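Please open the structure in your viewer and keep the sequence beside it. This tour tells you what to select next and what you will find there.

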Amino acid sequence: MDSSSCYISHSFVVLLFCFFFVHATLRLEASHDVYGRHLQVEPSLEASSHQQDHQPYRTHYHFQPPKHWINDPNGPMLYKGIYHLFYQYNPKGAVWGNIVWAHSTSTDLVNWTPHEIGIKPSIESDINGCWSGSATMLHGKKPAILYTGINPANQQVQNLAVPKNYSDPYLIEWTKVPQNPLMYPTATNKINSSSFRDPTTAWLMPDKKWRVIIGSKVEHNGMAILYHTKDFIHWVEAKRSLHSAENTGMWECPDFYPVYRDSLTGAHTSAIGLEFKHVLKVSLDDTKHDCYIIGSYDFHSDIYTPDKGSVEGDAGLRYDYGKYYASKTFFDGAKKRRILLGWVNESSSVAADIKKGWSGIHAIPRTIVLDKSGKQLVQWPVKELETLRQRAVHITGKLLKQGSLLEVPSITAAQADVEVTFRIRKLKEAEKFDPKWTDPQLLCSQKEARVKGVVGPFGLFTLASKDLEEYTAVYFRIFKDGGKNVVLMCSDQSRSSLDSTNDKTTYGTFVDVDPLHEELSLRTLIDHSVVESFGGKGKNVITARVYPTLAIDNSAKLYVFNYGSQNAEVTRLDAWSMEKAHIN
């Protein structure tokens, strides 16, 4: 995953030599058959003639395969100038099952070329499925993938795969080591064999030991089981987990990485020192939310200590307060940044997914850094996405009085990128904040976009029909809590579609900004059936899936609105139509 020159022990170098040059002695199991050259597509990934002909909900610049089911991003990495994305994929249908690692590559994280299946069931320790995992760059910048396999007893065990040909920048063929599985439940370790999955990128410390964590639980307490090794083959379970938390349920897809305290530069996964904090992110199986804590890591004792005041679990910090799960980061050594990838599942019915022939997309890749406050992370779409922008529209200094509705003209509103900043001058008149309002999602559902207020709601009507029968609203409300202002950000899907079979849950989050001293910013990426919104310059993100019946393609419109009694000024709005990316 990381582009580094981390050191690996001499024994593992010798072992790899044996793997590839003494093949008769240490025979490797190929993870797939080879169907063609690098840029050929396996038949299972080709477009299907059986899919629904009209596809108004397929995205045009978010990652998704031509058909079938997709979920977790796996093993992202930069290798020889090529970005690699593997992902959980069902090659046989639009529902979960038959899971393999599909594979695409890119030079810009925007346009993607598909390849043959990267890893699929072929050995005893993964014969019932190749589940999620991560990539690690070993000595010599050689990638290795740790992943969860499902064995004949349906136990979750950890396997290692390495490239068959390191000189191939596309990494088409992968080989599974004969020692698999490397980590597995036993009567001695008492690991729950149905809750032991999704190894992280490994990190190498000055003691020359690699560490990795694997998600698990004991009863209803989530935990990150820690293993260490010197040769990447023989792993030893640590005496205690890296971290655990009561009543958080199963921890899926854990991620553990350093962030600079005072820099917007990304940090290598093995970086250690006083200039870093460490992030532990887990995907909560109970709620399907990606939550994280920030803290300090002592590699001598392998103790991770969350910062004072950290809240564990669903009530704490989240990457995204809408549809977003099973995320994975990697360090982009070429541009010195950490990139976050995540899965966005559907809000339509299973029957609708089967009819359209596909299910699931990935969110736009995001850079991720520590906020200057040190208390949370900040995310932003990768810069490369801006290459798709065209036909810009600019609006400045527009005063929105109560009831104002301003259409943003001359853009493809179903496929757009919008950045807008608001200024509120009379904050003293804001509604009083009720201390009982502890759940922002519930508050947004009670105070949806059509509920008039004082300071707000103001924001965007996206994927809106001409008469506003359908719209997805992304907006702010501001409340007064003693001497401070409370900013609520909402994504209201309640009127996103006339189709009643869709899940139209409303999402919400409190944004840590003070509108008295700074403008409120909102960036929204609109792509047919996804609305991905970044509030407060990326402090809070909400992603929604919506399926309008009227506001589709050229019939979709985009508006700026203010339904609060206090004026809201649009200090600047920039909107672009987005070109279609070349994806799979």
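Which backbone oxygen lies 3.2 Å from a polar atom of the side chain of His68? Select His68 and look towards Pro91, whose backbone oxygen lies at that distance of 3.2 Å from a polar atom of the His68 side chain. Before going on, note that this is a predicted model, in which local features need a pLDDT of at least 70 and side-chain atom pairs count only at pLDDT 80 or more, while totals for chains, interfaces and linings use all residues. Residues are numbered from 1 along each chain as its sequence is written, and side-chain values use heavy atoms, with hydrogens and water left out.

**Stop 1: His68**

Stay with His68, which is found in strand 2, residues 68–79; helices (H or I, at least four residues) and strands (E, at least two) are DSSP runs, numbered from the N terminus. Select Gly93 as well, because its backbone nitrogen lies 3.4 Å from a polar atom of the His68 side chain, and a polar contact is a pair of N or O atoms within 3.5 Å, where within protein one must be able to donate a hydrogen and the other to accept it, and residues adjacent in sequence count only if both atoms are side-chain atoms. His68 has a relative accessible area of 12% and is therefore buried (buried means under 20% relative accessible area, exposed over 50%, and partly exposed in between, with a 1.4 Å probe and protein chains only).

**Stop 2: the whole protein**

Now zoom out and show the protein as a cartoon, where 3 helices and 39 strands are to be found. Its radius of gyration is 24 Å, close to the 25 Å that the globule rule gives for 584 residues, so the protein is as compact as a globular protein of that length; this radius is taken over C-alpha atoms, and the rule is 2.2 Å times the number of residues to the power 0.38. Along the principal axes, the C-alpha trace spans about 80 × 55 × 40 Å. Of the 584 residues, 62% are buried.

**Stop 3: Cys253**

Next, select Cys253 in strand 16, which covers residues 251–260. With 2% relative accessibility, Cys253 counts as buried. Leaving aside residues up to four places away in sequence, Cys253 touches Asp72, Ser132, Asp198, Lys281, Ser283, Ala326 and Ser327, where contact means heavy atoms within 4.5 Å.

**Stop 4: Ser310**

Is Ser310, your next selection, buried or partly exposed? At 31% relative accessibility, Ser310 counts as partly exposed, and its place is in the loop between strand 19 (303–306) and strand 20 (317–318). The side chain of Ser310 reaches the backbone oxygen of Asp307 at 2.7 Å. Beyond the residues up to four places away in sequence, Ser310 touches Ile293 and Ile294.

**Stop 5: Ser348**

Finally, move to Ser348, in the loop between strand 22 (337–344) and helix 2 (350–356). Ser348 counts as buried at 14% relative accessibility. Not counting residues up to four places away in sequence, Ser348 touches Asp353, Lys356, Asn502 and Tyr547.
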